[in-house]
Amino acid sequence: MTDNYAARDLATIAHPYANLATLPDQGPVVMERGDGVYVYDSAGKPYLEGMSGLWCASLGFSNAELVEAAREQMARLPFNHLFAGRSHDPAIALAEKLKDMAPIPVSRVFFCNSGSEANDTQIKLVWYMNNALGRPNKKKIISRQRAYHGVTIASASLTGLPGNHADFDLPIAGILHTACPHHYRYAHEGESEEDFATRLANELEEMILREGPDTVAAFIAEPVMGAGGVIVPPAGYFEKIQAVLDRYDVYMIADEVICGFGRLGEMFGSQALGMRPDSMSLAKALSAAYMPISAVLIPERMYQAMVDESRKNGAFYHGFTYSGHPVAAAVALKTIEIYERDDIVGHVRKVAPLFQQRLREFSEHPLVGEARGMGLMGALELVADRKTKAAFPAQAGVGAMFTRYAAEEGLIARSLGDSMALCPPLIITESEIDLLFERLAIALDRTTVWVNSAR
Ligand code: PLP
């Protein structure tokens, strides 16, 4: 059966985030197993997984302890739920652990299954809170251009990428987008990073004043933007943004779906970027991607408002069948135990300088406009002209060509528009980092040859 996987896939699966018009020509790449930072396709070819799957498989692809945690929980209590006050011990222990380790004061934890659901829940919670506080008009949420917060109707509205809005009639009313903090792309000629950060904070303030502070409820941000192209904000950016939010009593949500659990060399991305959020969304590395689970960290003032509002309504009418699923919770708990026991943050701090150095060695490459990143996350932005920063026309397919060459060389990278992203498992070693960049160099040179031949 294995030799016709591709045909069976194409006949049956509607792929997420794929060009369904061209997929039949390229065919799917079918993965069969994993080992450490490697995944193997159905022909047995190994690939260094430079993207941790989708920014999530933080402990690689063969952690026996996580498998055992899932097996043990499945054998003991494979399912129970948290509706109407029912509970189970893995969810209780995980909520306690998250409260304990969070860098912000947390009153309660609300569990969901994905990053999108967590951010969708955040929107509902903010609306719910402001109803309870008797300010039902304070409901608008400000996100940022190029942000990625998910794909449900509301979380896709928070997402600030045009493709996620086009033809879906999004964003929904009341969700706004302020500027993206990417200095290389959006700074004015000669504008310093500090002036750029100040200008963006001023623009946010102008937006709040224009909309009316009484109508603006929350601001949401990833510490480092992921799917928007691995965008590290300039120093001081969040401090300036926070000052604006404080002035108008705007609640701040940190989307820690990618940056949470060590990715940037701190346990949470907010700590690495100096953010002071009221709440956080967690997912992905929460369970090292071995099970789908996400969490919303709820501060006391929000929780009290939820209690008041549900007293009025008869209940808090929100939750998923699998909120806090016991197997997922058990795996998440084991994941965090491993992070702490093996000092995963310490490991990231040890290897990230090499990762960032090897990445920046491509800064002068003829195809690279900017090499950027933080911790174990990075991107190379490819440009048609380094001087003018002119992008390649979208239809040129340079990113797709690069990722294809990388895959041929045994490296999985991801093209996000013109930005070639890397986000390897947190357990990657220094010699694996060297190998990653050796393969990347070949893929980039092959892409250069291809670009030059097309010129
Ligand atoms: N938030 C961020 C920062 C993400 O990167 C993602 C997914 O990549 C999401 C939210 C949505 O998560 P999910 O795909 O689990 O719904």
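1. Let's start with a pair of helices: H5 passes H14 in a left-handed crossing (the near helix is turned anticlockwise from the far one by less than a right angle; clockwise would be right-handed). Helices here are DSSP runs of H or I with at least four residues, strands are runs of E with at least two, and both are numbered from the N terminus. The model is predicted, so to speak of a local feature asks for pLDDT of at least 70 and a side-chain atom pair for pLDDT 80 or more, while totals for chains, interfaces and linings use all residues. Residue numbers start from 1 along each chain as its sequence is written.

2. How confident is the predictor? The chain has an average pLDDT of 97, and 99% of its residues score at least 70 (pLDDT is the confidence in each residue, from 0 to 100). The scores for the model are ipTM 1.00 and pTM 0.98.

3. Back to the first pair. H5 covers residues 89-101 and H14 covers 326-341; their axes come within 8 Å and cross at roughly 40° (axes are lines fitted to C-alpha atoms, for helices over the stretch in contact, with angles from 0 to 180 degrees between N-to-C directions). From H5, the contact uses Pro90, Ala91, Ala93, Leu94 and Lys97, and from H14 it uses Pro326, Ala329, Ala330, Ala332, Leu333 and Ile336 (contact means C-beta atoms, placed from the backbone, within 7 Å). Sorted by class, 10 of these residues are nonpolar, none is polar and 1 is charged (nonpolar: Ala, Val, Leu, Ile, Met, Phe, Trp, Tyr, Cys, Pro; charged: Asp, Glu, Lys, Arg; polar: the others, Gly among them).

4. H14 also packs with H4 (residues 64-76), at an angle of about 150° and with the axes 8 Å apart. This crossing of H4 and H14 is right-handed. On the H4 side you will find Glu65, Leu66, Ala69, Ala70, Gln73 and Met74, which meet Pro326, Val327, Ala330, Val331, Lys334, Thr335 and Ile338 of H14. The contact of H4 with H14 counts 9 nonpolar, 2 polar and 2 charged residues.

5. Now zoom out. The chain is assigned a domain 1, made of 2-62 + 344-454, and a domain 2, made of 66-341 (the bounds come from an automatic or database assignment).

6. Leu170 and Pro171 are joined by a cis peptide bond, with omega about 5°; Pro171 sits in the loop between H8 (162-165) and S6 (175-178). Ala84 is not a glycine, yet has a positive phi of about 50°, and its place is the loop between H4 and H5.

Terms used: Contact = placed C-beta atoms within 7 Å. pLDDT = per-residue confidence, 0-100.
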